[in-house]
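Dear colleague,

Please find the structure below, handed over for your own work.

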Amino acid sequence: MTDHIIIEQPAAHPGVQSIRFNRPEKKNAITRAMYGAMTDALKAANADPDIRATAFLGTEGCFSAGNDMNDFLAAAMGGGVIQEILDFLYALVKAEKPVVSGVDGLAIGIGTTIHLHCDLTIASDRSQFRTPFVDLALVPEAASSLVAPHLMGHQRAFSLLAAGEAFSAAEARDAGLIWKVVEPAEVDALTLATAARLAAKPPEALRIARDLIRGDRDEIIARIDEEARHFSARLKSAEARAAFEAFMRR
């Protein structure tokens with residue numbers, strides 16, 4: 001376990017497990033150890049009947065700036081794709097109970113695409129969603145190339161995933177990426193309260209309804225794997241190394 005991920009079952013919200021990014025000095029950039037902790041928490045939620053919903057949260061002003069660039073540089077010089085990221089994505093897609101998220105501020109890269117797999121996302125009005133994959137000479141991940149076009153249409157998905165355009169909270173809501181926009185001070189409380197309301201519902205009926213709404217997970221897993229093959233090849237490319245090095249020199 002890493003102290004950069006805080007996992008709790010808050011007494012005020014029965015049935016809820018919260019997973020909080022807690023690396024504010026690095027804008028909650030996600031390391032391999034952080035991915036491992038989140039994967040374990042999602043698997044534990046599946047196995048624990050007392051956990052009926054999971055809530056992802058960040059810190060004040062930042063949900064997550066995405067993947068830790070030092071891990072990416074190491075992967076670029078080594079074997080390519082980072083297995084801990086894939087393990088987390090598989091666990092997120094296979095989550096058997098509702099997943100909600102609360103965003104305040106920056107949500108970059110996987111800090112944005114994670115919400116494609118959440119059932120409800122609440123964001124502050126100062127939040128910004130952006131996926132600079134192509135700018136880093138990479139490709140979309142987390143099955144975003146499959147889910148986002150279905151959710152928001154080709155042009156908005158292209159602007160987010162390929163052009164790297166930033167979405168405000170209002171634009172993200174209009175695109176269907178998030179559910180609700182609130183004041184920053186309301187994000188945590190409303191996210192946890194929303195998760196608690198879901199946790200209080202008849203669990204089997206909610207599971208069936210959720211499965212019907214979410215559809216075929218095998219297709220999503222297959223797209224994660226397809227993206228990962230391209231991502232791994234791109235990580236080892238000279239184009240990506242140059243982009244990473246330029247980023248690190250900022």
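Five of the six residues of strand 2 are buried, so strand 2 is largely enclosed by the rest of the structure. Here, buried means under 20% relative accessible area, exposed over 50%, and partly exposed in between (1.4 Å probe, protein chains only). Strands (E, at least two residues) and helices (H or I, at least four) are DSSP runs, numbered from the N terminus.

The model is predicted: local features need pLDDT of at least 70 and side-chain atom pairs count only at pLDDT 80 or more, while totals for chains, interfaces and linings use all residues. Residues are numbered from 1 along each chain as its sequence is written, and side-chain values use heavy atoms, with hydrogens and water left out.

The sheet

Strand 2 (residues 16-21) runs parallel to strand 3 (residues 53-57), and five bridges join the two. Within this pairing, Val16 stands opposite Ala53, and Ser18 stands opposite Ala55. Strand 2 is also joined to strand 1 by four bridges, and these two run antiparallel; Ile6 has Arg20 of strand 2 as its bridge partner. Two strands are taken to pair if DSSP finds at least two bridges between them.

These strands belong to an open sheet of six strands, in the order 1-2-3-5-7-10, with mixed pairing. Strand 1 (5-8) and strand 10 (180-182) stand at the edges with a single partner strand each, so one side of each is left without a neighbour in the sheet. On average, neighbouring strands of this sheet are turned by 15° against each other, direction ignored. Helix 1 (residues 32-47) packs on the sheet and touches strand 1, strand 2 and strand 3; the direction of helix 1 makes about 175° with that of strand 2. Contact means heavy atoms within 4.5 Å. Axes are lines fitted to C-alpha atoms, for helices over the stretch in contact, and angles run from 0 to 180 degrees between N-to-C directions.

Thr112 lies in helix 4 (residues 110-113). Its relative accessibility is 1%, so Thr112 counts as buried. Leaving aside residues up to four places away in sequence, Thr112 touches Ala107, Phe129, Arg130, Thr131, Leu160 and Leu177.

The pockets

A pocket is an open set of points on a 1 Å grid over the protein atoms alone, where a 1.4 Å probe fits, with protein on both sides within 12 Å along at least five of seven lines; lining residues have an atom within 4 Å of a point. Grid points are joined across faces, edges and corners, and a volume is the space filled by probe spheres set on the points.

The largest pocket has a volume of about 720 Å³. Its lining comprises 26 residues, with Ala65, Asn67, Met69, Ile108 and Phe247 nearest the centre. Helix 2 provides the largest share of this lining, three residues.

The second largest pocket holds about 580 Å³ of space. Of its 25 lining residues, Leu116, Cys118, Asp119, Ile213 and Arg214 lie nearest the centre. Helix 9 gives the most to this lining, with five residues.

Yours sincerely
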